[in-house]
Amino acid sequence: MNNDEVQPLVMILGGPNLSRLGQREPEIYGSTTWAELEMLCEKWGQDLGLRVQFNQDDFEGGMVKKVHQATDKAAGLIINAAAYTHTSVAIRDAVAAMEKPVIELHLSNPTAREEFRQTNLLTGVVNAGVFGFGVKGYKLGLEGMAHLLGL
Ligand code: DQA
């Protein structure tokens with residue numbers, strides 16, 4: 001049997017400004033680029049028996065659409081909604097309707113940062129969270145997803 005047919009698909013979705021990873025405030029977010037992170041996630045996913053679909057969108061509506069795609073096609077979602085974490089009812093509602101495992105992920109620990117990052121609209125509708133481990137958090141997130149999927 002073809003692996004593509006049997007391995008669960010996990011969507012990894014990044015929000016605004018994450019395409020600038022590596023250049024963007026590297027003292028907070030690290031020096032790994034988004035393209036490098038995609039390759040790392042594919043490898044980490046493979047090691048766990050997961051197929052990974054990597055996406056990024058700078059726009060709120062685009063992220064909502066991608067959450068719908070994950071709802072229809074994927075076994076689970078790992079979402080770093082970036083700044084929209086703190087503002088978007090639309091993304092929260094899309095995630096709340098998903099009825100599949102969702103892990104919220106942040107490279108930094110937003111709760112240890114500015115006041116405006118203390119509002120988090122996603123935490124109440126996700127299964128689990130990974131915060132503050134930098135790029136390594138994506139490996140932990142994939143491991144957590146494999147666990148939630150019973151692998
Ligand atoms: C972030 C944290 C958010 O507060 C911020 O707006 C981001 C990145 C993180 O991964 O640490 O863009 O989601």
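Two strands count as paired here if DSSP finds at least two bridges between them. Strands themselves (E, at least two residues) and helices (H or I, at least four) are DSSP runs, numbered from the N terminus.

Before going on, some ground rules. This is a predicted model, so local features need pLDDT of at least 70 and side-chain atom pairs count only at pLDDT 80 or more, while totals for chains, interfaces and linings use all residues. Residues are numbered from 1 along each chain as its sequence is written, and side-chain values use heavy atoms, with hydrogens and water left out.

Now the whole sheet. Strands of a sheet pair through backbone hydrogen bonds, either parallel or antiparallel. Here we have an open sheet of five strands in the order β2-β1-β3-β4-β5, with parallel pairing. β2 and β5 (128-131) are the edge strands, each pairing on one side only. On average, neighbouring strands are turned by 20° against each other, direction ignored; for angles like this, axes are lines fitted to C-alpha atoms (for helices over the stretch in contact), and values run from 0 to 180 degrees between N-to-C directions.

Further in sits β1. Its pairing with β2 is parallel and takes six bridges, with Val-52 in β2 as the bridge partner of Val-10. Towards β3 there are five bridges, again parallel, and there Met-11 has Leu-77 as its bridge partner. Six of the six residues of β1 are buried, so the strand is largely enclosed by the rest of the structure. (Buried means under 20% relative accessible area, exposed over 50%, and partly exposed in between, using a 1.4 Å probe and protein chains only.) Both faces are covered: Leu-9, Met-11 and Leu-13 are buried on one side, and Val-10, Ile-12 and Gly-14 on the other.

What does the covering? α3 packs on the sheet, where it touches β1 and β2, and its direction makes about 160° with that of β2. Contact, by the way, means heavy atoms within 4.5 Å. α4 lies across β1, β2 and β3, running at about 170° to β1. In α4, the buried residues are Gly-62, Met-63, Val-64, Lys-66, Val-67 and Ala-70, and what covers them includes β1 (9-14), β2 (51-56), β3 (76-80) and α5 (89-96). The geometry of α4 checks out too: at 1.5 Å a residue, its 14 residues (60-73) should span 20 Å, and the end C-alpha atoms are 20 Å apart, which agrees. That expected span is 1.5 Å times one less than the number of residues.

Next, the nonpolar cores, each a set of buried Ala, Val, Leu, Ile, Met, Phe, Trp, Tyr and Cys residues joined through side-chain atoms within 4.5 Å. The largest has 23 residues, of which Ile-12, Leu-37, Cys-41, Ile-78, Tyr-138 and Leu-142 touch the most other members. The elements giving two or more residues to this core are β1, α3 (34-48), β2, β4 (102-106) and α6 (136-148). Leaving aside residues up to four places away in sequence, Leu-142 touches Val-10, Ile-12, Cys-41, Trp-44, Gly-45, Leu-48, Leu-50, Val-52 and Ile-78. Apart from this core lies another, of 18 residues, among them Met-11, Met-63, Ile-79 and Leu-122.

Asn-80 lies in strand β3 and is buried, with a relative accessible area of 4%. Beyond four places in sequence, its contacts include Leu-13, Met-63, His-106 and Tyr-138. A polar atom of the Asn-80 side chain lies 3.0 Å from the backbone nitrogen of Ala-82. A polar contact is a pair of N or O atoms within 3.5 Å; within protein, one must be able to donate a hydrogen and the other to accept it, and residues adjacent in sequence count only if both atoms are side-chain atoms.

Ala-82 itself, in the loop between β3 and α5, has phi near 50°, a positive value in a residue other than glycine. Ser-88 lies in that loop between β3 and α5 too, and counts as buried at 1% relative accessibility. The Ser-88 side chain reaches the backbone nitrogen of Ile-91 at 2.9 Å and that of Ala-90 at 3.5 Å.
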